Amino acid sequence: MAKLDFFGKHKRRIWEQLAEQLDGDFFRGGMTKSARVEAFYENWLIVFDQYMVDKVTYTRVRAPYINRDDFIFKIQREHLGHRIQKAFGMQDVIVGEPEFDREFVIQGSDERKLKMMFANPHIRDLVSYQPKILLELKREAPLFTKPKFPKDVNELHFRVAKVIRNLDRFHDLYELFAHTLDHLCAIGTAYEDDPNFRYYK
């Protein structure tokens, strides 16, 4: 995973504005640290950054939280490959909202909690605002990446193969993370405490 400075003047202004509007901080990065925006929502630190794999640039949003159980999930827009996989038994949880169920594939470890989460209209709307989305709860950091999560820390993680430059979209992602983290507490999956885990030190 290569770490680069993707920030020309225009993009840097956007991320500086995002940091200011979220009462956060913009870090330009360097040889070993990615440029990023860090902003708190309640006790949770939400981190926006970008990275490159095989010449493809990804925009990423992450927030570590203290877990109370082993609940994980993944939601993404449905495509042809998913339809084929579903014919062979791939999990796709139906939440009971026909348009949403048609547009998205939902997978996870607890079907009851998945239905509770996506019964939340604010979360559904904020997911739907994203033209491309992969949003998931993760127990472990990807192989060969650092730092590793402590035993009691999981991560709410968004990524898309695109350089996002739209401030409104960043605000929608921040709001999506805020609503999702609140909801994880409400359904007994997360604690409200600061996990005291930082990606960049």
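1. Which residues have the most contacts inside the largest nonpolar core? They are F48, F73 and F118, in a core of 48 residues. A nonpolar core here is a set of buried Ala, Val, Leu, Ile, Met, Phe, Trp, Tyr and Cys residues joined through side-chain atoms within 4.5 Å. Buried stands for under 20% relative accessible area, exposed for over 50%, and partly exposed for what lies in between (1.4 Å probe, protein chains only). Helix α6 (residues 167–186) gives this core its largest share, 10 residues. A second, separate core has seven residues, among them L45, V47, F149 and F197.

2. The model is predicted: local features need pLDDT of at least 70 and side-chain atom pairs pLDDT 80 or more, while totals for chains, interfaces and linings use all residues. Residues are numbered from 1 along each chain as its sequence is written, and side-chain values use heavy atoms, with hydrogens and water left out.

3. The mean for the protein chain is 86, with 85% of its residues at 70 or more. Residues 1–6 have pLDDT below 50, and this stretch makes 18 contacts in the model beyond near neighbours in sequence. Where pLDDT is low, predicted coordinates should not be read in detail.

4. The protein chain has six helices and eight strands, in the order α-β-β-β-β-β-α-α-β-α-α-β-β-α from the N terminus. These are DSSP runs numbered from the N terminus: helices are H or I with at least four residues, strands E with at least two. Of the 201 residues in the chain, 50% are buried. Among contacts (heavy atoms within 4.5 Å) with a separation of 6 or more, 65% join residues 24 or more positions apart.

5. Strand β7 (residues 134–138) has five of its five residues buried, so it is largely enclosed by the rest of the structure. One side carries L134, E136 and K138, the other L135 and L137, and all are buried. In a regular strand, side chains alternate between the two faces of the sheet.

6. L135 in β7 is the bridge partner of I75, and L156 in β8 is that of L137. β5 is also joined to β6 by five antiparallel bridges, with I106 in β6 as a bridge partner of I75.

7. In helix α5 (residues 121–128), I123, R124, L126 and V127 are buried. Their cover includes β5 (73–77), α3 (98–103), β6 (104–108), α4 (111–118) and α6. N120 caps the N-terminal end of α5, with a side-chain oxygen 2.9 Å from the backbone nitrogen of H122.

8. F118 ties several of these parts together through its contacts. Apart from neighbours within four places in sequence, F118 touches F73, I75, V95, F100, I106, I123, R124 and V127.

Notes. A polar contact is a pair of N or O atoms within 3.5 Å; within protein, one must be able to donate a hydrogen and the other to accept it, and residues adjacent in sequence count only if both atoms are side-chain atoms. Two strands pair if DSSP finds at least two bridges between them. pLDDT is the predictor's confidence in each residue, from 0 to 100.
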